[in-house]
Amino acid sequence: MKKYNYEWKTAEEIIQHKNDVLEFSGWGETTSLQEVLNEFRPEVTDEDIKKAHELWLKLKEAFNQEGEIYHYTVYSSRLGSIGEKERREVCRPNWWDFLDGDNYGDYRIVSFIIEFLHNGEKLESGTIVFGS
């Protein structure tokens, strides 16, 4: 089975491929985004996916900017980052509040989509991992 490798870069690509059965990081089995959404968040719409992608782009930018000055022993992260610069875990309530996530939709739905699609993704300033 093909492993999802963070290749969907636009909301349109995510929506186009949401039924593709792949192996997603941290799920330990093959599934599709739509299958997981149907199980955990059946009320999700394509608009929710678009809003999640918009917020993801803001989070990605903030994470990379933070990486320029981040040092885990002296830096208090507004994203809730912990760990080494090269692999940082961000805390959901922190990054959600810092990026005004409420303007993008339901906390449970939007954060779930972002974390499902991007957990473990290697960005410019390190690998992003999501914590609670």
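Start by selecting helix α5 (residues 107-118), which lies across β4 and β5 and runs at about 140 degrees to β5. Helices (H or I, at least four residues) and strands (E, at least two) are DSSP runs, numbered from the N terminus. Axes are lines fitted to C-alpha atoms, for helices over the stretch in contact, and angles run from 0 to 180 degrees between N-to-C directions. Contact means heavy atoms within 4.5 Å.

The model is predicted: local features need pLDDT of at least 70 and side-chain atom pairs count only at pLDDT 80 or more, while totals for chains, interfaces and linings use all residues. Residues are numbered from 1 along each chain as its sequence is written, and side-chain values use heavy atoms, with hydrogens and water left out.

**The sheet.** Select the three strands of the open sheet, ordered β3-β5-β4 with mixed pairing; two strands pair if DSSP finds at least two bridges between them. At the edges are β3 (87-91) and β4 (121-123), each pairing on one side only. From one strand to the next, the twist averages 40 degrees.

Now show β4 with strand β5 (residues 126-131): the two pair in the antiparallel sense over three bridges.

**The cavity.** Next select I14, I49, A52, H53, W56, I113, I114, L117 and H118, which line the largest cavity. A cavity is a set of points on a 1 Å grid over the protein atoms alone where a 1.4 Å probe fits but cannot get out, and lining residues have an atom within 4 Å of a point. Two or more lining residues come from each of α3 and α5. The volume is about 30 Å³, counted as the space filled by probe spheres set on the points, with grid points joined across faces, edges and corners. The lining has seven nonpolar, two polar and no charged residues. Ala, Val, Leu, Ile, Met, Phe, Trp, Tyr, Cys and Pro count as nonpolar, Asp, Glu, Lys and Arg as charged, and the others, Gly among them, as polar.

**The helix pair.** Finish with helix α2 (residues 33-40) beside α5: their axes come within 12 Å and cross at roughly 145 degrees. To see the contact, select L33, V36, L37 and F40 of α2 with F112, I113, F116 and L117 of α5. This contact has eight nonpolar, no polar and no charged residues.

Definitions and conventions: On a 1 Å grid over the protein atoms alone, a cavity is a set of points where a 1.4 Å probe fits but cannot get out, and a pocket is an open set with protein on both sides within 12 Å along at least five of seven lines; lining residues have an atom within 4 Å of a point.
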